[in-house]
Amino acid sequence: MILTIAYKEFRSLFSIPSTWLIMGALQFIFAWFFFARLDIFLQVQSQLAQLANAPGATLAVAAPLFGTIALILMMLIPIFTMRLIAEERRNQTLTLLMSAPVSDIHIVVGKFIGLMLFLLLIIASCMLMVLTLAAGTQLDTGLLFTNALGLILLAASYTALGLYISSLTKQPVVAAIGALAIFFGLWLADVSAVDNNNTWRAFAPTSHFQNFNTGLLNSTDLMFFLLFCTVFLLLTIRQLYNNRIYS
Amino acid sequence: MSVTAPITLSARNLIRRFGQREVIHGVSLELRHGEVLGLLGHNGAGKSTTLQMLTGALLPHSGEIEICGFDLIRQSQKAKAQTGFLPETPPLYREMSVNDFLLFAAKLHRIPRAQIADALTETKRRCGLQDSGKKIIGTLSKGYQQRVGIAQAIIHQPEVIILDEPTVGLDPSQIRDIRALIRELGNMHSVILSTHLLGEVESICDRVEIMHHGRLIYGDSSTKMQQYGSQSGFIVTLLAPPALSELQAIADVQQVDPLSTTQFRILHAVNTNPSVVLLALAAQHGWQAEQLVPLQTRLEDVFMQITQDEKL
């Protein structure tokens, strides 16, 4: 049942023209960043070669690119999560799910997975771009792996939070702006922190992504992302249940 | 519909509040297999809220709902698998094609994979959507969207079909089609529909419940409702009428009111009907009887009368 809903969400994303437009634009932006990075790397390569233990192409090109993607995802995901529940509520299609023999857990997890499939596609397309480097140099697969994992977890946590915001309102635009504002707040908490042990910083998904970005696979970060997703998915399920009582 | 048919839906003492305001005050309903029940009421009487509660989209604050023996709150998935719901606004994903949408609805209602294709063809045939399968729902006309909405509610052959104002916004020929469809569905399933069109009740419902300010104030078969507060009698047209007193003299006639020079309204007791005698006399005396129409109260009048009575 979860997969039925997930598949429907995934399919319906592709029946909207703007999805294709966004995917195209993203691909263009990624490629641009990728080439800019690659260009700089090629210019300084000769100087780097004189250093002992010089950073390779993966660290110099791929890691910053993934950092950029993390930022873009932050701005992108609210656009997709706003549709998930708020728009269904506005179009009164949520009734179909509410009166169907599926539980609230199925609905929420289905929608979450549906959007995650789409985000995986975006991350994978980016991954493929980086993998083209393998034609000219040796790649650091470990670093690539942690970056990919980090991106996926980051996207998942943004999706879970965006889904929750979406379940709070009837207006998709409010859901999008609300989610974006919170993502931005969390990001600011991360970048404005003076020291690494700032408490607020610990709440920001981006700060936990930092470790993945540098190739560090830390169980604390893994747990953070898992907890973050679970908490917001549970809150969304609760919100849908409340919806049957109070709306 | 027989009285022995199994009960498919029963609701007891439903109470629903919105904030502090109680909008449904203890509604109880029962529906049997093969029955079409019309829920009638003014705008804002609580029809939609009641129907939403029967489908589990809204939870009642108190009361019980049982569908085919399954409790809607405790065994919600089993109970919901037996219901099909068309809300006031059909819940359609406008960007999907009719086929995709109905397939999604079929899977959502747990139709076994092997039967999905058959269910899809059958439902499209019943709702007259054979040629619209590949069309995008957003591009369909209102009438066709309504059909897709109904198709979505019946694709899994539910025991109980709940339709919230199914014919609103349709043109007359579409209304006729949809009514025929509902009548057909009523033979094999149980149907509840809400409406404020009295003609709809007259033409398709076996039973009527009238809802007023969140209460059910009247429930009976729709034929009985038509007789509510009515008088037995008929209107007779005699082209060469006799004197009023002669008509009054006929046995069992209680009252004669001349409506025009040739038309008379004749009232009589419920169980005696003087029309045969009158026609015989007319033939005998050459009154030139032209037509004889039994008095029929219009449902509108009955409805107004019932809701008025409640206000007093």
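Student: Okay, so a strand here is a DSSP run of E with at least two residues, and strands are numbered from the N terminus. Where is the place of B:N13, then?

Tutor: B:N13 is in strand β1 of chain B, which covers residues 7-18. Keep in mind that this is a predicted model.

Student: What is the phi of B:N13?

Tutor: The phi of B:N13 is positive, about 50 degrees, although B:N13 is not a glycine.

Student: And why is B:N13 called partly exposed?

Tutor: Because B:N13 has 13 other C-beta atoms within 10 Å. A residue is exposed at 12 or fewer and buried at 20 or more, so a count in between is partly exposed.

Student: Let's go to B:Q288. Where is B:Q288 found?

Tutor: In chain B, B:Q288 is in the loop between α10 (275-285) and β14 (289-294). B:Q288 is not a glycine, yet its phi is positive at about 55 degrees. B:Q288 is partly exposed, with 13 other C-beta atoms within 10 Å.

Student: Zooming out a bit, how many helices and strands are in chain B?

Tutor: Chain B has 11 helices and 14 strands. The C-alpha trace of chain B spans about 75 × 45 × 35 Å along its principal axes. Chain B has 312 residues, and 41% of them are buried.

Student: Which domains does the assignment give for chain B?

Tutor: The domain assignment gives domain 1 at 7-227 and domain 2 at 233-294. Taken over C-alpha atoms, the centres of domain 1 and domain 2 of chain B are 46 Å apart.

Student: What share of contacts in chain B join residues at least 24 apart?

Tutor: That share is 68%, among contacts between residues at least 6 apart in sequence.

Student: How do α3(B) and α5(B) cross?

Tutor: Helix α5 of chain B is residues 142-154, and its axis comes within 9 Å of the axis of α3(B), crossing at roughly 25 degrees. So α3(B) is roughly parallel to α5(B), since angles under 35 degrees count that way. The crossing of α3(B) past α5(B) is right-handed.

Student: Which residues meet there?

Tutor: From α3(B) there are B:V98, B:F101, B:L102 and B:A105, and they meet B:V148, B:A151 and B:Q152 of α5(B). This contact of α3(B) with α5(B) has 6 nonpolar residues, 1 polar residue and no charged ones.

Student: Over to chain A. At what angle do α3 and α6 of chain A pack?

Tutor: Helix α3 (residues 57-90) and helix α6 (residues 141-168) of chain A pack at about 20 degrees, and their axes are 8 Å apart. That makes α3(A) roughly parallel to α6(A).

Student: Is the crossing of α3(A) past α6(A) left-handed or right-handed?

Tutor: Right-handed: that is how α3(A) passes α6(A). The contact of α3(A) with α6(A) has 21 nonpolar and 7 polar residues, with no charged ones.

Methods: Residues are numbered from 1 along each chain as its sequence is written. Chains are lettered from A and ligands numbered from 1 in the order in which they are written. This is a predicted model: local features need pLDDT of at least 70, side-chain atom pairs count only at pLDDT 80 or more; totals for chains, interfaces and linings use all residues. Domain bounds come from an automatic or database domain assignment. Helices (H or I, at least four residues) and strands (E, at least two) are DSSP runs, numbered from the N terminus. Two residues are in contact if their C-beta atoms, placed from the backbone, lie within 7 Å. Axes are lines fitted to C-alpha atoms, for helices over the stretch in contact, and angles run from 0 to 180 degrees between N-to-C directions. Angles under 35 degrees count as roughly parallel, over 145 as roughly antiparallel, 65 to 115 as roughly perpendicular and the rest as oblique. A crossing is left-handed if the near helix is turned anticlockwise from the far one by less than a right angle, and right-handed if clockwise. Ala, Val, Leu, Ile, Met, Phe, Trp, Tyr, Cys and Pro count as nonpolar, Asp, Glu, Lys and Arg as charged, and the others, Gly among them, as polar.
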